[in-house]
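Let's take a friendly walk through a protein model together. Keep the sequence and the 3D view open as you read.

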Amino acid sequence: MDSMIEQLAEYAAGLRYKDVGPDAVHQCKRRLIDTLGCLAGGFDARPSVIARSLARGARGNPSARILGTQERSTPELAAFANGVMMRYLDFNDATFGKSAGHPSDVFAAVLATADAVRADGRSAITASALAYEVFCNFSESVQREQGWDHVVFGVVACAAGAGKLLGLSRAKMGNAIALAIIPNMALEQTRTGELSMWKGCAAANAARNGVFAARLAQEGLTGPAQAIEGKWGLWHPLGKFQWQPFGGRDVPFRITGTHIKYFPAVVHAQTPITVALELHGQARPEEIEAIAVDTYWVAERYVDRGNALWHPGTRETADHSIPYCVVAALLDGAVTEASFSSKRVRDPRIAALLARTTIRENPAFTRAHPGEWPCRIELTLRGGKKRIAEAPYFKGHAQRPLSDAEVEEKFRSLAEPLLGRRAADAVLAAAWRLEKLADVGDLLKLLKFGARRRK
């Protein structure tokens with residue numbers, strides 16, 4: 001194994017629950033609750049229905065649950081189906097170092113593997129904290145926008161998390177990492193132009209492939225020993241990088257520092273939405289002559305007015321469009337799943353305000369990011385009056401975190417329509433005591449949405 005794989009494999013194989021610590025354990029449970037809520041919210045989406053249809057056609061030994069229906073499949077396809085549901089709304093947590101991503105995508109692989117091996121809650125927490133470490137370490141170490149999708153981080157993280165639950169030795173963990181990297185370099189084109197359904201499936205595919213890599217390594221299959229440092233290894237497409245210190249001892253676990261979204265939209269839209277909501281009601285839409293959004297470097301994506309982000313035709317594009325999200329917030333005083341319905345995306349009132357919107361890069365904001373996520377919005381009204389609001393962080397940022405009650409409220413808003421209040425209470429109670437569960441299946445079996453939802 002090359003030195004990068006050796007470092008990661010040694011850390012992954014050696015991590016123990018006692019190393020994780022109470023704060024990281026609590027934060028893991030918060031993110032799990034949040035992700036299960038996102039899964040419920042994405043359950044009825046067309047990509048979720050397709051993924052479940054494929055998964056239910058396979059039988060595994062061992063098997064894992066398709067959450068929401070309790071049907072069983074292979075661990076790989078259960079991870080895929082569950083991951084599509086978790087990711088579809090673009091509502092799960094986010095991180096940003098040198099590049100961005102959604103580390104809670106790893107729960108798809110961790111939960112499917114934990115279910116398959118009947119792991120206890122402490123093992124699932126340890127595997128989740130490990131997978132977060134890997135994903136976020138990539139994000140801190142690898143520069144953004146090199147043409148490779150961030151699910152490349154996820155497939156390695158999922159292989160490590162699944163491998164931990166499978167009890168892989170250091171050598172087999174190294175093979176799992178190599179087997180995750182070499183076959184699974186995903187292209188950033190996934191998130192460019194008019195976005196397709198695949199945008200919500202790419203991370204789920206990484207979870208599926210991460211579980212598969214770990215299971216192959218468990219059976220003794222070897223992977224290329226120089227998968228990172230070799231001539232054509234990961235350093236070739238991503239540039240040479242080094243691992244940052246992993247969580248443990250005096251280093252905080254990275255699961256404690258990710259951002260839990262309050263709005264179902266791309267992370268770069270979170271502060272703009274937060275600011276736009278402050279301006280809601282301060283002017284009637286017909287009075288607004290211009291909307292100027294000042295943000296950081298992400299403004300460069302909006303220079304071309306012909307870009308699909310200015311004219312979204314799908315939900316996937318609309319929830320990645322800062323101007324669309326700002327206009328929806330100004331008009332409605334909220335940004336929810338309903339903000340991205342097909343009817344709403346085609347609303348002529350939104351199109352009219354989008355035509356009056358500009359996005360500008362503020363160099364000071366770019367210098368501050370990602371330590372801060374600043375945004376300033378200026379409304380110019382008829383007669384020249386101005387309405388201005390600004391914020392350095394969005395609601396849900398690690399520096400402006402949601403309370404436990406707000407995390408529960410978000411879960412309930414997404415899950416109660418499918419579960420009912422009593423069943424939602426039971427899921428929350430089990431999740432908050434995850435470290436005491438002898439079998440993670442005791443939590444997962446509660447996620448049953450009923451026969452009318454079995455599509």
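## Charged pairs

A salt bridge is a side-chain nitrogen of Lys or Arg within 4 Å of a carboxyl oxygen of Asp or Glu. Side chains of opposite charge can pair when their charged atoms come close. The model you see is predicted, so local features need pLDDT of at least 70 and side-chain atom pairs count only at pLDDT 80 or more, while totals for chains, interfaces and linings use all residues. Residues are numbered from 1 along each chain as its sequence is written, and side-chain values use heavy atoms, with hydrogens and water left out.

How many salt bridges does a search of the whole structure find? There are 36. In one of them, the side chains of Asp90 and Lys199 meet at 3.8 Å, N to O. This pair links distant parts of the chain, 109 residues apart: Asp90 sits in the loop between helix H5 (75–87) and strand E3 (95–96), and Lys199 in the loop between helix H9 (170–181) and helix H10 (202–218). Here, helices (H or I, at least four residues) and strands (E, at least two) are DSSP runs, numbered from the N terminus. Both Asp90 and Lys199 are buried. Buried means under 20% relative accessible area, exposed over 50%, and partly exposed in between (1.4 Å probe, protein chains only).

Asp439 and Arg118 form another salt bridge, at 2.8 Å, N to O. Asp439 lies in the loop between helix H19 (421–432) and helix H20 (441–444) and Arg118 in the loop between helix H6 (107–117) and helix H7 (121–141), so the pair ties together parts that are 321 residues apart in sequence.

## The nonpolar cores

A nonpolar core is a set of buried Ala, Val, Leu, Ile, Met, Phe, Trp, Tyr and Cys residues joined through side-chain atoms within 4.5 Å. The largest one has 110 residues, and those with the most contacts inside it are Leu36, Leu111, Phe138, Phe241, Phe411 and Leu443. Apart from this core lies another, of 48 residues, with Leu279, Tyr302, Ala328 and Val335 among them.

Which residues does Phe241 touch? Leaving out residues up to four places away in sequence, Phe241 touches Met4, Phe138, Ser141, Val142, Leu234 and Trp235 (contact means heavy atoms within 4.5 Å).

## Pockets and a cavity

On a 1 Å grid over the protein atoms alone, a cavity is a set of points where a 1.4 Å probe fits but cannot get out, and a pocket is an open set with protein on both sides within 12 Å along at least five of seven lines; lining residues have an atom within 4 Å of a point. The largest pocket has a volume of about 620 Å³. Of its 31 lining residues, Glu145, Glu188, Arg191, His268 and Arg301 are the closest to its centre.

The second largest pocket has a volume of about 270 Å³. Its lining has 16 residues, with Phe91, Thr336, Lys410, Ser413 and Leu414 nearest its centre. Helix H3 (22–41) and helix H18 (404–419) are the elements that give two or more residues to this lining, and H18 gives the most, with seven.

The whole structure also has three cavities of 30 Å³ or more. The largest cavity has a volume of about 50 Å³, and its lining includes Leu279, His280 and Gly281.

Notes
Grid points are joined across faces, edges and corners, and a volume is the space filled by probe spheres set on the points.
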